[in-house]
Structures are given as structure tokens and as C-alpha cells.
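Have the model open as you read.

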Amino acid sequence: MRNFCALGDTNYLPNLLCLIDSVRRYFTEEYTFHILAMDDFSHEKLQSLRQGHDLKIYSLADINSDFQIRAIRYTSPSIEAISNAQASNKDAGFVQFCWAMAPCFSSWLMDRIKASVTYVDADIYFFNDVKDFFIELASKSIGLVRHRIPYLMTSGEFNVGMVHFEHDLFGRSALNKWKSFLIDSKNCYAHGYGTCGDQKYLEVIQSIFRENTAIVDENFGHLAPWNVTYHKYDDGKIVWKDVKQNLCYFHFAHFVIENEQNYRASYNNEWIWGDPLKVDNFVSGCYDEYFCSMKKAISEINLCV
């Protein structure tokens with residue numbers, strides 16, 4: 001059985017509902033999806049709106065049994081967390097805490113269930129079964145996906161949207177290493193790799209565990225607003241490096257609903273690669289489907305308030 005995990009607060013509650021719906025629609029292997037609800041409202045709504053044998057919801061109180069997780073709120077935030085907090089008018093300590101939760105919740109969960117774990121970002125939405133990911137992972141202990149853009153020093157090579165760790169020596173070691181980087185914002189890799197929250201540290205993980213890591217890319221199709229211009233589209237498939245791929249998931253980062261009729265694919269036209277909605281009808285069709293799913297989720301939440 002596969003174990004997936006994700007996390008989010010009230011701001012990401014509609015995204016989490018959409019993620020769950022897409023998983024239930026397309027996944028064919030037996031799975032359990034574990035979700036960390038980071039506030040009481042999201043915990044209550046996830047329980048009431050998406051109950052099922054395939055879903056387990058946790059609260060921050062559940063994971064506070066881990067002293068290291070409790071201590072994160074009292075550690076000094078990184079320079080990047082401070083900068084991000086100033087730009088978004090948020091508390092820098094909370095920003096650092098949220099970034100740390102991807103490896104920390106994944107590690108806590110693995111210790112609890114004694115099984116392999118696949119972390120998935122809340123704003124991921126599946127369009128196909130995920131089995132191709134595990135076929136390409138094969139016998140490796142760690143699975144990473146690329147950004148699929150020319151390399152940027154700030155964000156690195158790998159995207160944190162989907163990250164897998166086997167419950168074996170190398171998988172556990174890699175996950176604990178990733179967790180340690182986020183707990184200690186002044187770690188020895190922070191200067192070069194602490195520039196994108198939890199994300200760029202995945203380069204360090206791949207470097208240390210190179211023989212045990214699969215870069216899942218050849219036959220596993222995934223899109224995001226930053227990489228849609230680097231793909232071609234043909235007969236309902238995406239084309240990456242001249243290979244046709246089924247689209248497994250789309251990472252709808254920075255998706256904004258303006259009103260009942262309109263949405264944006266960015267917060268403020270920040271995508272330096274151009275507007276994703278002007279690339280291809282296939283891409284805009286994916287956005288349209290997500291828009292409909294998000295509106296439905298928001299309506300459900302509002303009806304239950």
C-alpha cells in the first residue's frame with residue numbers, strides 16, 4: 001500500500017479538497033493519504049467534507065509529540081524566511097515553520113507507520129494515475145522530480161511538489177537529513193542551499209545519496225506554471241525531450257481566483273517565462289478544470305461554515 005502526505009492551513013483548504021478529489025478519481029493502487037491540518041478550521045472541514053477510509057487527518061497537536069518539531073517555532077528564522085515574511089506581511093518564524101513541515105511531517109509519519117512515504121504539495125492536482133512515478137523509481141530509495149527549466153541558482157534543480165522516501169536505511173537517512181536542514185537554519189549548507197525554503201536542499205540530498213536516488217523524469221509527465229513553455233503538446237499528451245508523456249499532475253502554484261468567472265495563473269505576473277495561460281489550449285484546459293474544482297471546493301466550505 002502507498003502512503004502519501006500533504007499539509008496546509010485554512011488558506012490551502014480548497015487546494016487540499018481538490019487534491020483529495022483528484023487522488024480518489026485517478027489512483028488505482030491501494031493507498032492512504034495522510035494530511036496535516038495546520039489549524040482547527042481546516043482540521044474540522046477536512047474531517048466533515050472528505051471523510052473516508054483512505055484519508056487520515058492530523059493536527060499540530062498530534063505531531064507536537066516530536067520535541068524537534070515543537071522547537072522549530074523558537075529557532076531563528078533563515079534570512080530567506082525573514083525576506084519572505086517582510087514581502088508577504090507574515091511572521092518570519094511561522095514562515096520557517098511551514099517550510100520545515102514538509103520533511104518534519106513526512107519524517108514523523110514514517111516513524112509512526114513504519115512504511116515508505118511520498119510527500120505531495122497541497123496545490124498539486126492529478127490528471128492521471130501516479131503509477132508511472134513508482135515504475136521509474138524502481139528499487140531506488142529516494143524519488144525526486146525536476147523543475148524542468150534552465151537551472152536557477154535560487155530555486156535549484158528539483159521541485160518539492162512530489163518527493164518520495166522509502167522506509168529503508170537510505171530513505172530514512174535522507175529524510176532525516178532533509179529534516180535536520182530545516183530545523184537548523186544555520187546548518188553548514190544554509191548559505192548555498194537555504195535559498196528556497198525546503199526545496200534547494202534536495203540537491204544536497206541527491207548529492208549525498210546519489211546512488212540511491214531516482215530522478216523521475218523520463219516517462220513521468222508533470223507540469224507547473226514555470227515549465228509549460230518548455231513542453232510541447234500533442235493529442236492530449238505533453239512532450240518532454242521529444243518523448244510523449246501522460247500528464248500525471250499539474251502543480252498549480254500561485255493560482256488566484258478573482259471572482260466566479262475569472263482566475264489568474266500568478267500572484268502578480270511573476271512568471272519570467274511568460275503567462276502560462278497563453279501557451280497552449282491543453283494548458284489552459286488544465287487550468288479551467290482546476291478553476292471549476294476550486295470553485296466547487298470553496299462553495300462546499302462556505303456552505304459548511
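Start at Arg146, which is partly exposed, with a relative accessible area of 25% (buried means under 20%, exposed over 50%, partly exposed in between, using a 1.4 Å probe and protein chains only). Its partner is Asp217, and the two side chains meet in a salt bridge at 3.8 Å, N to O (a side-chain nitrogen of Lys or Arg within 4 Å of a carboxyl oxygen of Asp or Glu). Arg146 sits in strand β6 (residues 142–146) and Asp217 in the loop between β8 (213–215) and β9 (221–223), so the pair ties together parts that are 71 residues apart in sequence. Strands are DSSP runs of E, at least two residues, and helices are runs of H or I, at least four, numbered from the N terminus. Asp217 is buried, at 4%.

A quick word on the source: this is a predicted model, where local features need pLDDT of at least 70 and side-chain atom pairs count only at pLDDT 80 or more, while totals for chains, interfaces and linings use all residues. Residues are numbered from 1 along each chain as its sequence is written, and side-chain values use heavy atoms, with hydrogens and water left out.

The structure has 12 salt bridges. Among them is Glu289 with Arg25, their closest N and O atoms 4.0 Å apart. Glu289 belongs to helix α11 (residues 281–303) and Arg25 to helix α1 (residues 13–26), so this pair ties together parts 264 residues apart in sequence. Asp21, Arg50, Lys296 and Glu300 are linked in a salt-bridge network.

Now the cysteines: there are zero disulfides (pairs of cysteine sulfur atoms within 2.5 Å). For Cys18, the nearest cysteine sulfur, that of Cys292, is 10 Å away.
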